[in-house]
Amino acid sequence: MNIVKYPTKDEWQALLERPHREASELYGTVKAVLDDVRQRGDEAVKEYEQKFDKVTLESLAVSEAEMAEAEKHVSEDLKEALLLAHSNIEKFHASQKFEGQKVETANGVFCWQKSVPIEKVGLYIPGGTAPLFSTVLMLATPAKIAGCREIVLCTPPNREGKVNPVILMAAKVAGVSKIFKAGGVQAIGAMAYGTETVPKVSKIFGPGNQFVMAAKQQVSLHDVAIDMPAGPSEVAVVADDTANPVFVAADLLSQAEHGIDSQVIMITTSEALAEKVSVEVDRQLDLLPRKEMAEQSLLYSKLIIVKDIDEAVEITNEYAPEHLILAVSDYMAFAERVVNAGSVFLGNYSCESAGDYASGTNHTLPTSGYAKAYSGVNLDSFCRKITFQELTADGVRSIGRAVELMAEAELLDAHKNAMTVRLQSL
């Protein structure tokens, strides 16, 4: 890994830049596929499955027989792991349920909010180099708790036309309504516009490569909401002399193996630790089955040495990582100063993998610096808040004149009159 010693603030922006593909390069390809899916529906989706996933599909829908068959291919140990993870995710997200209260803002003026579920949601689950069945639990579990009426899942099949059996098992555990064999841009288009088979949804969730992310952003302009803008996965590890270099290297590599455009960064106050971690990364890298992919990712990754903890806090908040691991002695004090991060892991034993799978927190998180403005997926992501207000006669007397004056000042006479006629009636 590249070791960068004591960069100045002027160097931070270039140092923390994410790997990215030129947007204009993606736009044309993505738009063409989306337009085709909008116009030709299932037929277009099947053709793109043939082109990109090298599979000929008779039907896009996963059948009950396929669901039953998939369960036979999942070991009992893995089923138990899925159930444990689902239970923890369910507990954490159920704790986020909104409790609205009616407030009397002025005499006779009552205001309150109600949380209602999004009726139809679409989940995109990548199935390429790593079938992310854990993401099924992360998205479908809170959708079910929220009360979404229809949960639609799209995921690419293999060349035999089969969906990864653990993805199907996770979907069954989490209560997914409908599952379809479609990946990439064509899956996003199918859920955004609807086809003969795939229902149109109101909001699309889930990670993916840069083509999937570009597709989500394009359909969000006019047709459907999305969870968040995002890009390739990333982690920042902040470490001091108390950190275990074996743990730190393992954390960096666990993220690097996601894909060639993932980014891993270590920020440390210790030159000695940086050297140890660099050596340990090389040692562990040689043992990984996905070594070649992780090696590509490490080309964009850095070990950054800073002068003190204060600078470590500042550069971390500037980077706004998707995942942030604090392997420092006083990690709670550091955590209090974190303002930009998707999900934070505290202390030497809190590996990112715990949050990725089974601690209970959600792993669908803002990347590419979007943690400065976006939250990770949570129960509210699957809900809408509707506000209500009720004015009694006393309420009209309380705020009526203020409403008239403000409407008049904005030159909106009809607005003013709507209150005036009520005041006059009293």
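Over the face of which residue does arginine 38 lie?

**Figure 1. Arginine 38 and the ring of tyrosine 193.** In this predicted model, arginine 38 is placed over the face of tyrosine 193, and its distance from the ring centre is 4.2 Å.

**Figure 2. Lysine 102 and the ring of phenylalanine 110.** Here the residue over the ring is lysine 102, which lies over the face of phenylalanine 110 at 6.0 Å from the ring centre.

**Figure 3. The aromatic pair of tyrosine 48 and phenylalanine 52.** A search of the whole structure finds five aromatic pairs, and one of them is formed by tyrosine 48 and phenylalanine 52, whose rings are stacked at 5.8 Å centre to centre with 10 degrees between the planes. Both residues belong to helix H3, which covers residues 42-52, and they are four residues apart, or about one turn of the helix. Tyrosine 48 counts as buried because its relative accessibility is 13%, under the 20% cut-off, whereas phenylalanine 52, with a relative accessible area of 42%, is partly exposed.

**Figure 4. The aromatic pair of tryptophan 112 and phenylalanine 388.** The rings of tryptophan 112 and phenylalanine 388 are also stacked, with 5.6 Å centre to centre and 10 degrees between the planes. This pair links distant parts of the chain, since tryptophan 112 lies in strand E3 (residues 109-117) and phenylalanine 388 in strand E14 (residues 383-391), 276 residues apart. Tryptophan 112 is partly exposed, with a relative accessible area of 26%, and phenylalanine 388, at 28% relative accessibility, likewise counts as partly exposed.

Definitions and conventions. Residues numbered from 1 in each chain as written. Predicted model: local features only at pLDDT ≥ 70, side-chain atom pairs only at ≥ 80, totals over all residues. Heavy atoms only, no water. Phe/Tyr/Trp six-rings, centres within 6.5 Å; stacked < 30°, edge-to-face > 60°. Helix = DSSP H or I, 4+ residues; strand = E, 2+ residues; numbered from the N terminus. Buried < 20%, exposed > 50% of the residue type's maximum accessible area, 1.4 Å probe, protein only. Lys NZ or Arg CZ within 6 Å of the ring centre and 35° of its normal.
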